[in-house]
Amino acid sequence: MRRLTLAVVVVALSGSAVPARAEQAPAPRPAPPGPPRVESGLGWRAWMFVDHVGFAASDTFDAVTGSAVATAVGGGGEVRFWKGLFARAAVSRAELDGTRGFVVTGRFISTGVPLTIEMTPVEVAAGWRFVLDRRQRYVLYGGGGLVRVGYKETSDFADPDENVDETHAGYLAFGGLDVRITRWTFAGVEGQYRSLGGAFGPDGVAGAFSEDDLGGSVVRVLFGIRR
Amino acid sequence: MMRRDSRRRVRAACAGLAASLFVLTLDARGPVQTPQTRAGIFDASPRQTNAATVRLRMTAERAARIARANAEGLDYVPGEVIVQFRDGMSQAALARTMSAVPSASGNSRLRWAGRRAVLTSDTMADAHELAAIVGADPEVLYAEPNYLARIGPADPAGSAPLTGGARPNAVPNDPEYATRQWNFEWLQMPRAWDINPGGDPSVIVAIIDSGITTQAHTLTLPIWTGSSFTNPLVPFAVSPDLSPSRLVSPIDLIFFEAGGPVLDMDGHGTHVASTVAQETNNGFGLAGMAYNVRLMPVKVCYGYWEEMYLRAQDGIPGFASPDAGNCPFSAIAEAIEYATDNGARVINISLGGTGQSNAVRQAMQYAIERGVFISMSGGNRAQTGNQVGYPAFYGQQFGGAMAVSAVTRSRLRAPYSSTGSYIEIAAPGGSTSDGGAAGAIWQATIRRADSSTNRLFNGFPAVVEPRFDRFESTGLTGTSMAAPHVAGLAALLISQGITEPSLIEQIIRLSARDLGEPGRDDEFGYGLIDPRAALFGLGIR
């Protein structure tokens, strides 16, 4: 990184050099060096995060759990292996409580039977980081990848085959900003969009609301270490 | 001629004597001495018999008119119309209306039945004609014949003593549950009861039927024995598998005046009530769908024995027709409104006729608007012309009322079960054509042999002096038996917190198991009820 910075400075200085004759004239103010566009060399990050998930199947989750949003916690890591290019993986988990019921003319009627939903998204993605300032304190990043969500629904009074335990795959796109706090630590905020269409069939509450997507939008707050 | 006159005088004297005795004195002589207990037959001991005088609502004259309707195949009470007056009608206007009624001499021919009146003409038997005359009055919103409904089959498919003792390895522990109640096993009731065990006692289900005996009584009732009138003590008892504490706000709207006892002299009402809420997990007899809810007995039907007593009261010798009795729509409409005003959340109507009635329809609307769900038998006319049944037909017009067809234990439409666009749902009604007597719906009710209306080979009645204090397991078939399954399910759903009648109907539909042609059809409606699925609900997935 230092080498890269030095090179940028050298190039900048050489570009602004003047002939010796002109040394008598007042020296023009040197142009400020442009910010480095990428982080230098190899590196890695590891982080923990809290997700604020807004479900695409908002009517369904709002009806069953009382809210169309959920909170998930998780952790992940990334490896930067060439310029700004990085690959990352993360896993999170959310648990929601609700009740079973029926949808009658667009209205959810609870039967009062407790229902617990567990979701475990696993993300594998790649992206690019853009350094915003010379000191590489602010880094924008973006990318896309695959997400695989472990989805469980368990209900009181259910037979084993009435509970749901399955996985669904889809894709995600993300973008965010992280800020270096100390030399080794950073915090960030990220926005994410996940699409997992076809996850819900026609027979449940989601089907009654004509919603089949287990994805949605995510606002993620991260805190981690970097190198 | 002289002899005839003297006979008439004797008859009149007998009538007077019978009438004086028939100022039905609830016997003050203490508990009745029940005859010897037969093995396996429950002999109830009356807990209390208060001295009281009860008056009759039904008259022999009216019973005779209804008997004539039965004999002539009429579906209305001759000479009777139900009248709905406009709001705020004055006494003068009422008098004008009355004056238009042939032979009506004043208010004495007008009887209020809840929010409506029943007008009677002595001279104009054709109720359609009478309704047209009365309905022409501008003060009258509508006038219609007082149609008749009938309750279901009189002859049981089978019967057996109620048995006690726990049955091992089963839930519930009622000993006859596993051996007779295929219908509950079939509906997965134990799994439904896991979710809601028998409903909540705050829920009241009104049984509009032939009554449910709510208290042990011994009545002195006049009866024709074949050669003379006698006044035997007739014992009544509460079903041993229905706790009296769960029978609330009973009323008789057909036989006794208000304040009198509610007595089942047919057994149909008790059987229907038992399907809804027979005591369960008490190690005795059979089970009921919503065994914790309370029942409101509303008697609107009378039968052979009531008519026999009425005839004896008037000194009319001879025996009534074995199929005597009926349920006037005026009483049904009044019953629906009474049940609504007295806290019922579910009404079961296991009876029906073929006449359209604004009064009953209006009463149903009144009930549903006040949060009452109504389950009605769809009718047993599939093999006899398949006429549209009322009030079942009105179910499709309301979210919160359902007409129920009957299925057999092979999940086929019962051969008698009416079909049509008004059938909304199906439930077990049983049939002896599918499994013999075991294919019937078995519940506890009064012992049929004690009050049988059957005739012996010589035409003489098998029973002359009935009793109504012994109970047994009885297998009956009909849409009358199917409807209380739906009423019981509605009571469980209300106990689960789903209280709007229209939502109850929708959930019963959505959770039903489709039978017959895919989707709704005229045989099974939306399919067979699935209580467990209705109570369980859907998950997200």
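**Strands, sheet and helices**

In chain B, residue B:I347 has B:I374 of strand 18 as its bridge partner. This is a predicted model, in which local features need pLDDT of at least 70 and side-chain atom pairs count only at pLDDT 80 or more, while totals for chains, interfaces and linings use all residues. Residues are numbered from 1 along each chain as its sequence is written, and chains are lettered from A and ligands numbered from 1 in the order in which they are written.

Strand 16 (residues 346-349) and strand 18 (residues 373-377) of chain B run parallel and are joined by four bridges; helices (H or I, at least four residues) and strands (E, at least two) are DSSP runs, numbered from the N terminus, and two strands pair if DSSP finds at least two bridges between them. Both belong to an open sheet of seven strands in chain B, ordered 12-13-7-16-18-19-20 with parallel pairing. Strand 12 (251-252) and strand 20 (425-428) of chain B stand at the edges with a single partner strand each, so one side of each is left without a neighbour in the sheet.

Elsewhere in chain B, helix 2 (residues 60-72) packs with helix 9 (residues 304-313) at an angle of about 130°, their axes 9 Å apart, where axes are lines fitted to C-alpha atoms, for helices over the stretch in contact, and angles run from 0 to 180 degrees between N-to-C directions. That makes helix 2 of chain B oblique to helix 9 of chain B, because angles under 35 degrees count as roughly parallel, over 145 as roughly antiparallel, 65 to 115 as roughly perpendicular and the rest as oblique.
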